[in-house]
Amino acid sequence: MNVQRGYQQFLSVLITAPGYTAKINDERQRAQNNIEKAFKTAGKRCAFVQGYTAATIAANQGNAKKFRLKPDGTVKDPYHPTEESARQFLSLIRGSLCNAFKTELGG
């Protein structure tokens, strides 16, 4: 999502919700940590919101009902939670996300 304010400021959002397995989440956590380090070097041009927290991981990891299922009940796609699960993820990080938007937009 990009939001333009005047002609100089753009706000970009990249969000990754936790996956079904610990292996997926460990890999994504490492990536998130590297992205956070990059954001810190960018100074005031970027804000970072921690998406992998104990609460967000607990909401998805190992919870098959949070993912699309095969007819036999096993997880079909362990990387992408259902829309309902994605909404829950966003509600879990809403406060941090709103604070980042406010800060970056000068509010």
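Ala 38 is found in helix α1, helices here being DSSP runs of H or I with at least four residues, and strands runs of E with at least two, both numbered from the N terminus. This is a predicted model, in which local features need pLDDT of at least 70 and side-chain atom pairs count only at pLDDT 80 or more, while totals for chains, interfaces and linings use all residues. Residues are numbered from 1 along each chain as its sequence is written, and side-chain values use heavy atoms, with hydrogens and water left out.

With a relative accessible area of 41%, Ala 38 is partly exposed; buried stands for under 20%, exposed for over 50% and partly exposed for in between, with a 1.4 Å probe and protein chains only. From Ala 38 to Phe 48 is 10 residues in sequence and 9.6 Å in space, C-alpha to C-alpha. Leu 14 sits in the loop between β2 and α1 and, at a relative accessible area of 70%, is exposed.

Stepping back to the whole chain, there are 3 helices and 2 strands, and the pattern along the sequence reads β-β-α-α-α. Of the 107 residues, 23% are buried. The accessible surface comes to about 7500 Å², and carbon and sulfur atoms hold 54% of that (Shrake-Rupley method, 1.4 Å probe; for residues, only the protein chains shown count as cover). As for contacts (heavy atoms within 4.5 Å), those between residues 24 or more positions apart make up 55% of the ones with a separation of 6 or more.

Tyr 20 lies in the loop between β2 (9-12) and α1 (22-41), and Phe 67 in the loop between α2 (54-60) and α3 (83-104), so the pair ties together parts that are 47 residues apart in sequence. Tyr 20 is partly exposed at 23% relative accessibility, whereas Phe 67 is buried at 2%.

Gln 61 is also placed in the loop between α2 and α3. Its relative accessible area of 31% makes it partly exposed. Leaving out residues up to four places away in sequence, Gln 61 touches Gly 19, Tyr 20, Thr 21, Ala 22 and Asn 25. With Asn 25 there is a side-chain to side-chain polar contact of 2.7 Å (a pair of N or O atoms within 3.5 Å; within protein, one must be able to donate a hydrogen and the other to accept it, and residues adjacent in sequence count only if both atoms are side-chain atoms). Thr 21 is 40 residues away from Gln 61 along the chain, yet their C-alpha atoms are separated by 5.6 Å.

Arg 68 belongs to the loop between α2 and α3 as well, and is partly exposed with a relative accessible area of 46%. Neighbours within four places in sequence aside, Arg 68 is in contact with Thr 74, Val 75, Lys 76, Asp 77 and Thr 82. For Arg 68 and Thr 82, a sequence gap of 14 residues goes with 6.3 Å in space, C-alpha to C-alpha.
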